[in-house]
Amino acid sequence: MKFVDEFRDAELGRMLSEQIASIVEPGRHYKIMEVCGGHTHTIYRYGVDDLLPANVELVHGPGCPVCVIPMGRVDDAIAIARNPNVIFTCFGDMMRVPGGHGTLLEAKADGADVRMVYSPLDALRIAKANPDREVVFFAIGFETTAPSTALTLMRARADGVTNFFCYCNHVTIVPPLRALLESPDLRLDGFIGPGHVCTVVGARPFEFIAREYGKPVAISGFEPVDMLQSVHMVLRQLAEGRCEIENQYTRVVPYNGNPQAFRVLSEVFELRPHFEWRGLGFIAQSALKLSEAYRDFDAECRFDVPGVRVADPKACQCGEVLKGVIRPWECKVFGTACTPEHPIGTCMVSSEGACAAYYNFGRFARTRELV
Amino acid sequence: MTAPIYDGAIVGATGGRQVAGPSCNDEFHCITCSDEGVPMRVEELLGTGLARCIDASDQRSDVMTGLVGDVAVGDVLLVHAGAAILQLPESEHGPGEERAA
C-alpha cells in the first residue's frame, strides 16, 4: 500500500537506526518527548525504541485526550447520562475512564442510555432519529477532532435540530507544552510534534518551543520510519547546534495549517479561562467551550452537573507518567492493581495511553531485557 | 537492541498482521487519542458539505467536507472523526488503495 509499505521498510529503518547511532554523543543522555498518543502507540507497537541507542529515551507526553481528562469531568458526564430522557454518546475509550463514582460503562449497566459513536456526526444522526429524547455528545480531543465537533454543531443548527447537545472537553496542545517546558522537574532535549494536529493548526504554533525554549521540534507522521526519521531530525539539530521546527510529515502537514478549520473553530468555540488537566493541574486557556452563538447546544448550560473537583487515587501516578517524570512501569500499581481490564488511571484506559500501550506491547520485551 | 524487523518490514508487536495504520475496528486503538487520519475516496456527494466515502478496507461512511472546500467523486480525503481535514493530491494517492498514519 502506498504511504504504508515505504514507511515500514526494513532497510530504511536499519539505515536510519545506524544514522541515529552515529550522531549521538556517547555519555550524553537524550530525552525526546512525543506529544501525540498515536506516536506513543507506534513506538510500542513497532518497537521503535528498540532501534534507538540506549542513551536516546523517548518520553511520552500528555498527547492522549482521554488520559488528560480529570475525574471530576467524568463524574459530570455520568450525571448528565443518568438523566432519564438523555441518550449519552461518546467515543469508545471514554466509556471506561473511571471518575470518582464509577465509569460511563457502569452507568450504562445501571440503566443509563450510553452509546458509543465513531464521530460527532453519528451522535447527531441519533438525535435526528430520536426527536423526543435529548442527545448529548461527549466531545474530547485536540485540534484534530474539534473541527469535526464544530462542523456537526453547525450542521445541527442549519438543520434546526434542538435536541442535540455537546459536553465540550476539547483541549488545545500548546498551553500544556508550555506548562511542561516551565516545569522544574523535567529536562527535555527536543520534541516530536503531532502530525494530524498540525494538519489543522500547522507547524507555526510550535515555533515558540524553538524560539523561547531553545528546543528542536520535528513534526512527525505515524509510521515507524516516520518516527525514526523525526528522531534523527531532532538529534541532528542538537548535533549541529540548531533549534527550529522541521516538518517530517510534509505529505500531510501544510506549514500554515487549514485556514477553513480556523474559521470554523472560532465560530463555534471560545477559549475557557482555565481547564484542569490530569496530572498537570489547571492550565490557563488550554481548552474550548461553546461560543455564545452556540450556547443553546451547550450541555453544561442545559443540564445540572456537580462540577466537583475529584483528586486522583493516591496510588495512581498518571500525572508523573504524563509529564514524563517516570516511565509507565515505574508506577507503583502498573500491571498489578492497574491493568487495561481494571484501570485505576487514565493512562491505562486509552489504548494510546502510555501505560496501556506499554502494557500491551512493550512489557514482554522489557521482561526479556531484565532476564 | 531487539530489532523488530523481519522479512524486510518493520512489523513490531503485531507480528506482521497486515494493518494499514490504526482503524476503528482495531482493539488497540482510539480514534481521537491516536490522532487518526484515514484516507478515503469520495464515492457520492450527499448535498452541501457531506459526502459518502470509502476507505481501503471498503468501509463506507458519511464524511463532512466543510474544511476542504469543493470535492468531487474520486477525490481522496484525509478523514478524522467524520470530518475531512485535508484533500490529498490524486497524483500521489491512487483511489482507494492507500492509507496514511
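**A β-α-β unit and a helix pair in chain A**

Strand 1 (residues 30-34), helix 2 (residues 37-46) and strand 2 of chain A form a right-handed β-α-β unit; right-handed means that, with the strands pointing away from the viewer, the path from the first strand over the helix to the second runs clockwise. Helices (H or I, at least four residues) and strands (E, at least two) are DSSP runs, numbered from the N terminus. This is a predicted model, in which local features need pLDDT of at least 70, side-chain atom pairs count only at pLDDT 80 or more, and totals for chains, interfaces and linings use all residues. Residues are numbered from 1 along each chain as its sequence is written, chains are lettered from A and ligands numbered from 1 in the order in which they are written, and side-chain values use heavy atoms, with hydrogens and water left out.

Q: Which residue of strand 1 of chain A stands opposite L58(A) in strand 2 of chain A?
A: The two strands pair in the parallel sense over five bridges; pairing requires that DSSP finds at least two bridges between them. The residue opposite L58(A) is I32(A).

Q: Is strand 2 of chain A buried or exposed?
A: Buried means under 20% relative accessible area, exposed over 50%, partly exposed in between (1.4 Å probe, protein chains only). V56(A), L58(A) and H60(A) lie on one side, E57(A) and V59(A) on the other. Five of the five residues fall below the cut-off, so the strand is largely enclosed by the rest of the structure: buried.

Q: How many residues of helix 2 of chain A are buried?
A: The buried residues include G37(A), I43(A) and Y46(A). The helix is largely enclosed by the rest of the structure because the buried residues number 10 of the 10.
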